[in-house]
Amino acid sequence: MTLQSLNPVGFFAPRSVSTAGNTSSASSDKSDSVSSFTMITPPPNVTGYLHIGHALTASIQDSLVRWRRMRGESVSWIPGMDHAGISTQTVVEKKLMREKKLTRHDLGREAFVDQIWEWKQVHGHRITEQLRRIGASLDWNDEFFTLDQSRSKAVKSAFIQLFRDGLIYRDTRLVNWCCALETVISDIEVEHEDITGRTMLSVPGRLKKVEFGVLHDFAYKVDGDDAQELVVSTTRIETMLGDEAVAIHPEDTRYTHLHGKYVVHPISGKRLPIICDSELVDMEFGTGVVKVTPAHDPNDYACGRRHGLPIINILDKNGTFNSDCGSKTYENMNRFDARDKIIDELKVLGLYRGKNESHAMRLARCSRSGDVIEPMVMPQWYVKCDGMAQRGLKDAEEQRLVFHPDTAIKDWNRWLENIQDWCVSRQLWWGHRIPAYKPVFEDSSAAQAIINSASTDGPWFVAESEEHAAQQIREFVTERSLQHLSYTVVQDGDVLDTWFSSGLLPLSALGWTGEVLPSGSKIPELYPTTMIETGTDIMFFWVARMVMLCTHLSGQVPFKDIMFHAMVRDAQGRKMSKSVGNVIDPTHVIEGITLNDLKLTLEGGNLAPKEVKRSQAQMDKDFPQGIRASGADALRFTLVSSTQQSRQINLDLSNVTSAQHFANKLWNLSVFYSYRTRLYDMVHVSSVTPETVLARGLNEVRGGSQGDFTLAERFIMSRLADTVAKVNMGMEQLDPSFATDTLRKFIIQELCDVYVEFMKVPMFSADEESRRIKPRLFLVLQTCFDASLRMMHPFMPFVTEELWQKMLPETAPEATSVMTSSFPSIQELESWRDEAAERDMEVTLGVIQASRAMRQSHQVPMNSELPITIWTSSPTLLAADGALRQSDRYVSHFTRSLGEVTYIDGSLAVDGCQGVSAIEPFSAAHVITPELKLFTPLAAIQTAINDAEARAKEKAALLAASDSQRAGIDRAKQQQELQRLERKLGTVRAGLEKLEARVSRPEYSTRAPENVKAGDAKKKQELLAQEEHVLSTMKTLQAAFG
């Protein structure tokens, strides 16, 4: 069975679960005992491909929903696609120009929108196919599109409701205008670039770069007195065509005599007032005189409003000067082309006073197009945010909204406390058209006179349809006695910001339309959703707006838990960008790609030829061998594990390779399990069922007629219980990286490296005791492996499904899947916790590792047998049920002991030396703990070395006919060994000093977490043991060689 074959069975849909492993469809009666989990995925743009950020989001969310599904919850993970107003319209416009040399205006609005819908039908499915490829178990039956009929109805209802509630209004004010896209963008869609001086930058639509970071000075002559002038400074000298005044500080004595006077505009000839403004003017900066362009600068706009200055827009929407610029010379000229010509004209007039090329400034750019933002005054629709933001702050303070990580609340509070009203108008054709209408009178001047309005914008009427708006307009016309004037009802041509429709998704994705639903309520049954998970980069674009809009419309927060992940960057910490050439496509990691094919992906796109070459050169450095195929499981596991990096995620593909090796470890463990059960005729042991991870019969044999479990069995079952508890805790606390780290440690370091190796000892033995316990050993292995596969399934769904199917008995139902099996719970494994077994195994492993370390330090081959003596001052370790006696067979095997291991009980010794005198003189010592030490005679070590050298010589003689003969350890070699040990002693003591310095700091005892303190204490004991071991070895060497 494959993952792709499961969705038709209905495994991804929400369902009721009456008992573990027994599922029923979502249409069945819902049991009160079944909890539900609902989450929407951040909808990717319809124009996009699956990038690494999507893959990270999908991997995290899928791990959470699979875990909850296996716990028996009714899970609804809802996928969707965003219509992406600006991006989609731009893509189709470029396609039209490239293929047909047409603009959208050539086609007309209706035909152009039809073109976009056609494009969406052809290309809009790409990213959903890629999400399936990565294994996202989304409920595809509930998939939405933010511009489909249901969502369109919801958006219209929300806009009308907010308008009626006084939260949407229309106003004429300064906005962020993108000339490249010819639309307004919101404040948080503006990116600021710091410039320290003269800088040449590329601007969309221009072949030549544009100069920034230069401060130009020019003079205004005082009206009626050419001998007097006021010098102003500006980085945007082209905006002087829109100047309406020059401002001075009222307390600046240099200009007191000019109060109430005028200057003359050098190009238009207009008289401009000299105004006094203490808010705008800093007397200490420059000349203390400021040019005022109310329609194209935020500060000047505020000044203009204070002084009642004319606010006249001098630029068209495409960034060219219009007829209000005051000069025919500059009409229809691009703003940046006009810059140089204005400077030239001012020089001819003798009014240019030079420039400063070291001026630091912040340049506002459109995050969508990269164009330089042009502040413009125009009427737009706004959402009043302050009240909704205050509720969002209160909901967070009172824990109705919980952030993960909790540090995110600082950014949340900072933004909502300083929130500005949200401009939701967009001058596009693709999107939700604003449901606002106005009457356009044939005799507009007469109508304005009667309406008593100087504005041509409006009056506006918000309604469900043109018919409803027409009725409102008729009532308005009658009330104002305008029946004699002819008019036409016209809908606003603008569309809503894409984030407006996305902000409604917790409601609209569940079926909310603002009307009464079949359930009898306006609010969907599954609302509020359980949680949201997304990147920190859209906290304000999306999450805050969902909270504000949905809370207002429904009366309750749209979710409680808000989980953020960091942004993904490349291995060097650089932001991923096509122009840099370091973008990693998840499908390339899954399926692999050659370097040549990787380079080809850059061609035919929007990058300039120079950028393509530069990006391809970077690919040569970053991916010289291309990208190897690692599979979806390895990528998913790596991405989820990397979320422990809270600030940013530096994705190193070597980590993906490591995760692939981990998956191979699972596969090899499966091969070992299945092969050995067949080899020993124990197929009957494979009694895996979806209901429990405990192998059938395991509880019955525990402590029964088959005797007590071995230390290895008790240890691994206790570690399994602890692992299950930690994995569930990590997932409960929305920390999946903690779960992946725990699982990797258990499977590799404990299950494979300890239990499987320990079980091989009786497995390959023929004695009666070994034959008796073999079936039980495999029952334990099956339990641990089964539980491991289930716990790993949320992170590696493909390989775990494949391996779990291999474990099922032949009688298992065909539709049985690990994703609907019971997730291991601490309740079923709590009784297997055994702290004594874990302590005893730690002692046993310490002895084995000490033996290996001693061999390594003396360069004794691992396969050479040595006499082993173990000294301990702890009588409990040597008791019949103590660690050393329980594991004697395994210690002897893994230490490669020559004969039986000798144990010395230092607590009973009467020689005054705690039994040390019984140890052969001149023995190598390894300190495991202060109360546990391992000894081996140096003579035996020398003999083992000599034997190994003899065997090596014999082999060398056979291979190379060499008759050279090496001497044993001589004085020079002994000195080299002593020098090495002295260096090691220095390193150990340096580590102790560093640790002591850290723990002795005053803030350590109060600020350091308990787990850090425990780790430091353990590390200190280990360093002290190493110090004693090194000193003991040095003393032995010095004594042996005189």
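**Core, sheet and charges**

Tutor: Happy to. Keep in mind that this is a predicted model. Let's start with Leu720: setting aside neighbours within four places in sequence, Leu720 is in contact with Phe746, Thr783, Cys784, Ala787, Met791 and Leu829.

Student: Which residues touch the most other members of the largest nonpolar core?

Tutor: The general idea goes like this: in soluble globular proteins, nonpolar side chains tend to be buried together. Here the largest nonpolar core has 126 residues, and the ones touching the most other members are Ile716, Met717, Leu720, Tyr755, Phe758, Leu781 and Leu829. Helix α23 (residues 736–763) gives this core its largest share, 13 residues. Another core, of 59 residues, lies apart from it, with Ala509, Leu510, Met539 and Phe564 among them.

Student: Now the sheet. In what order do the four strands of the open sheet run?

Tutor: Read across it and you get β8-β7-β20-β22, with antiparallel pairing. The edges are β8 (183–185) and β22 (422–423); each has a single partner strand, so one side of each is left without a neighbour in the sheet. Strand β7 (residues 168–178) pairs with β8 in the antiparallel sense over three bridges.

Student: Where in the chain do Glu374 and Arg236 lie?

Tutor: Glu374 is in strand β20 (residues 374–383) and Arg236 in the loop between β13 (225–234) and β14 (245–248), so their pairing ties together parts 138 residues apart in sequence. Their side chains meet in a salt bridge at 2.3 Å, N to O. Glu374 is buried, with a relative accessible area of 2%.

Student: Are Arg719 and Asp722 buried or exposed?

Tutor: Both are buried. The side chains of Arg719 and Asp722 meet in a salt bridge (3.1 Å, N to O). They sit three residues apart in helix α22 (residues 711–732), which means they are separated by about one helical turn. Zoom out and you find a network of salt bridges linking Arg719, Asp722, Lys726, Glu750, Glu830, Arg833 and Glu838.

Conventions. Residues are numbered from 1 along each chain as its sequence is written. This is a predicted model: local features need pLDDT of at least 70, side-chain atom pairs count only at pLDDT 80 or more; totals for chains, interfaces and linings use all residues. Side-chain values use heavy atoms; hydrogens and water are left out. Two strands pair if DSSP finds at least two bridges between them. Helices (H or I, at least four residues) and strands (E, at least two) are DSSP runs, numbered from the N terminus. A nonpolar core is a set of buried Ala, Val, Leu, Ile, Met, Phe, Trp, Tyr and Cys residues joined through side-chain atoms within 4.5 Å. Buried means under 20% relative accessible area, exposed over 50%, partly exposed in between (1.4 Å probe, protein chains only). Contact means heavy atoms within 4.5 Å. A salt bridge is a side-chain nitrogen of Lys or Arg within 4 Å of a carboxyl oxygen of Asp or Glu.
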